[in-house]
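Please look at the sequence and the model shown below before reading on.

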Amino acid sequence: MTLPTSTASRIELKDFHLATRIGTYAPGDTVPDYHALDLTLWIDPGLVLIAQDGMAHVFDYDPLVIEIERLAADGLYETQERLMTRIVQACAAYPAIEALDIGLRKFPVRAGSGSLGVRLAVDGAQLQSMRDDRR
């Protein structure tokens, strides 16, 4: 693995079980027990390398986590991709987020085994475009 040439910082949320309903299933289909979210946010290193302790000096991710939970519970989704899109849109509302990587997986896929998921990387230009579209 090659480290970036400049300082970079990330916030990582891993294996976050979402209370969500995704997909439609026929009798006999394997219905997922749960969906897990992985979310990595790239933020300014100045929000991690801080001179003094205090929430005023860091990125407060708690409101974003609460919003993700709300979006996940917001009715039935036909696809994982739609929920992921809404989570990315929620992330775009935070100017401190410079880029992100998101993955959503369902467990199990078949007969109590495996996971199946979708992953998306969103760079700063795409996030800025989403911010501009909100105006």
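Where is the place of Ala-111? Ala-111 sits in the loop between strand 5 and strand 6.

## Basis of the report

The model is a predicted one, in which local features need pLDDT of at least 70 and side-chain atom pairs count only at pLDDT 80 or more, while totals for chains, interfaces and linings use all residues. Residues are numbered from 1 along each chain as its sequence is written, and side-chain values use heavy atoms, with hydrogens and water left out.

## Overall architecture

The chain has three helices and six strands. Helices (H or I, at least four residues) and strands (E, at least two) are DSSP runs, numbered from the N terminus. Read from the N terminus, the order of the elements is β-β-β-α-β-α-β-β-α.

Along the principal axes, the C-alpha atoms of the chain fill a box of roughly 55 × 40 × 25 Å. Of the 135 residues in the chain, 34% are buried; buried means under 20% relative accessible area, exposed over 50%, and partly exposed in between, with a 1.4 Å probe and protein chains only. Among contacts (heavy atoms within 4.5 Å) between residues at least 6 apart in sequence, 67% join residues at least 24 apart.

Four strands form an open sheet in the order 1-3-5-6, with antiparallel pairing. Two strands pair if DSSP finds at least two bridges between them. Strand 1 (9-18) and strand 6 are the edge strands, each pairing on one side only. On average, neighbouring strands of this sheet are turned by 10° against each other, direction ignored.

Strand 3 (residues 34-43) pairs with strand 5 in the antiparallel sense over 10 bridges. Leu-39 stands opposite Ile-102 in strand 5, and the bridge partner of Ala-36 in strand 5 is Arg-105. Strand 5 is also joined to strand 6 (residues 116-122) by seven bridges, and these two strands run antiparallel. Here Leu-104 is opposite Val-118 in strand 6. Strand 5 (residues 97-107) is largely enclosed by the rest of the structure, because nine of its 11 residues are buried.

Axes are lines fitted to C-alpha atoms, for helices over the stretch in contact, and angles run from 0 to 180 degrees between N-to-C directions. Helix 3 (residues 124-134) lies across strand 5 and strand 6 and runs at about 95° to strand 5.

## Helices against each other

The axes of helix 1 (residues 62-72) and helix 2 (residues 80-92) come within 10 Å and cross at roughly 155°. Helix 1 and helix 2 are therefore roughly antiparallel to each other; angles under 35 degrees count as roughly parallel, over 145 as roughly antiparallel, 65 to 115 as roughly perpendicular and the rest as oblique. The contact involves Leu-64, Glu-67, Ile-68, Arg-70, Leu-71 and Ala-72 of helix 1, together with Leu-83, Arg-86, Ile-87, Ala-90 and Cys-91 of helix 2. By class, this contact of helix 1 with helix 2 has eight nonpolar, no polar and three charged residues. Ala, Val, Leu, Ile, Met, Phe, Trp, Tyr, Cys and Pro count as nonpolar, Asp, Glu, Lys and Arg as charged, and the others, Gly among them, as polar.

Helix 2 and helix 3 pack at an angle of about 80°, their axes lying 9 Å apart. Helix 2 and helix 3 are therefore roughly perpendicular to each other. Val-88, Gln-89, Cys-91 and Ala-92 of helix 2 meet Leu-127, Met-130, Arg-131 and Arg-134 of helix 3. The contact of helix 2 with helix 3 has five nonpolar, one polar and two charged residues.

## Local backbone features

The loop between strand 5 and strand 6 contains Pro-108. The peptide bond from Phe-107 to Pro-108 is cis, with omega near -15°. Ala-111, in that loop between strand 5 and strand 6, has a positive phi of about 45° although it is not a glycine. Ala-111 is exposed, with a relative accessible area of 77%.

Asp-15 lies in strand 1. Asp-15 is not a glycine, yet has a positive phi of about 55°. At 48% relative accessibility, Asp-15 counts as partly exposed.
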